[in-house]
Amino acid sequence: MTAPVTHTLRPARDSDRVAMASVHLESWLDAYQGILPGAVLAGQVPRALSKLWADAQWTDQDCVLIANGPIRPLGFIAVWDAEVPFLDNLHVSPEARGQGMGHALIAAAARQMHLQGRSSLHLWVFEANEAARRFYRELGGREGQRADRDVLGHKVPSVEISWSSLDGLTGADKG
């Protein structure tokens with residue numbers, strides 16, 4: 001059994017963009033094998049994620065947090081503020097999965113959205129990503145509509161997951 005990875009959470013800064021793209025890529029390469037074509041993961045995805053985070057704009061109302069491990073960032077979350085906040089990204093490096101980092105990130109983001117007067121949250125997840133779907137269901141997320149989402153020119157069956165209340169998520173990192 002490996003020792004748990006210790007981490008600290010903090011708001012993301014402009015200087016975190018490269019690290020966020022790196023964690024995002026690690027996560028996709030691990031989680032989306034067999035969901036996205038290998039050529040897309042090896043070719044288009046690294047460039048697309050690098051550009052995404054180089055160009056990303058967020059405000060103080062959005063919630064973009066980094067989970068720093070002992071040596072480097074190992075996870076992040078990006079929730080865009082809206083009437084119903086949109087959880088656009090929650091990624092944890094494969095080496096740190098299953099150790100509470102995802103729970104801590106979503107709980108911190110839910111607390112921030114709650115403090116801003118938001119009461120619900122939603123996201124889209126690839127239908128074939130059963131591990132992520134199970135994670136969100138365990139946190140009380142309800143699966144809803146399904147749709148094909150365009151990912152770098154490829155249609156990927158996806159499912160929306162939502163929480164009508166943030167109350168259960170705000171303590172997701174406890175226990």
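On a 1 Å grid over the protein atoms alone, a pocket is an open set of points where a 1.4 Å probe fits, with protein on both sides within 12 Å along at least five of seven lines, and its lining residues have an atom within 4 Å of a point. This is a predicted model, in which local features need pLDDT of at least 70 and side-chain atom pairs count only at pLDDT 80 or more, while totals for chains, interfaces and linings use all residues. Residues are numbered from 1 along each chain as its sequence is written, and side-chain values use heavy atoms, with hydrogens and water left out.

**The largest pocket**

- The lining of the largest pocket is made of 40 residues, and those nearest its centre are Tyr32, Leu90, His91, Asn129 and Tyr136.
- Two or more lining residues come from each of α1 (17-31), α2 (38-55), β4 (86-92), α3 (101-115), β5 (121-126), α4 (130-138) and β6 (142-151); here helices (H or I, at least four residues) and strands (E, at least two) are DSSP runs, numbered from the N terminus.
- β4 gives the largest share of this lining, with 7 residues.
- The pocket holds about 1,000 Å³ of space, where a volume is the space filled by probe spheres set on the grid points, which are joined across faces, edges and corners.
- Sorted by class, its lining has 22 nonpolar, 11 polar and 7 charged residues. Ala, Val, Leu, Ile, Met, Phe, Trp, Tyr, Cys and Pro count as nonpolar, Asp, Glu, Lys and Arg as charged, and the others, Gly among them, as polar.

**The nonpolar cores**

- A nonpolar core is a set of buried Ala, Val, Leu, Ile, Met, Phe, Trp, Tyr and Cys residues joined through side-chain atoms within 4.5 Å. Buried means under 20% relative accessible area, exposed over 50%, and partly exposed in between (1.4 Å probe, protein chains only).
- In the largest core there are 29 residues, and Ile77, Ile106, Tyr136 and Trp163 have the most contacts inside it.
- Elements giving two or more residues to this core include β2 (63-68), β3 (73-80) and β7 (154-163), and the largest share, 7 residues, comes from α3.
- A second, separate core has 11 residues, among them Val23, Ala56, Phe76 and Trp80.

**Helix α4**

- Which residues of α4 are buried? They are Ala132, Arg133, Phe135 and Tyr136.
- Viewed down the helix axis, the buried residues of α4 fall within an arc of 160°, so they line one face of the helix; the arc is that of the directions from the helix axis to the C-beta atoms.
- These buried residues of α4 pack against β4, α3, β5, β6 and β7.
- After α4 comes Gly140, with a positive phi near 95°.

- Ser93 sits in the loop between β4 and α3, and it counts as buried because its relative accessibility is 0%.
- Beyond its neighbours within four places in sequence, Ser93 is in contact (heavy atoms within 4.5 Å) with Val23, Glu26, Arg72 and Leu74.
- Leu152, in the loop between β6 and β7, has a positive phi of about 55° although it is not a glycine.
- Leu152 counts as partly exposed, at 33% relative accessibility.
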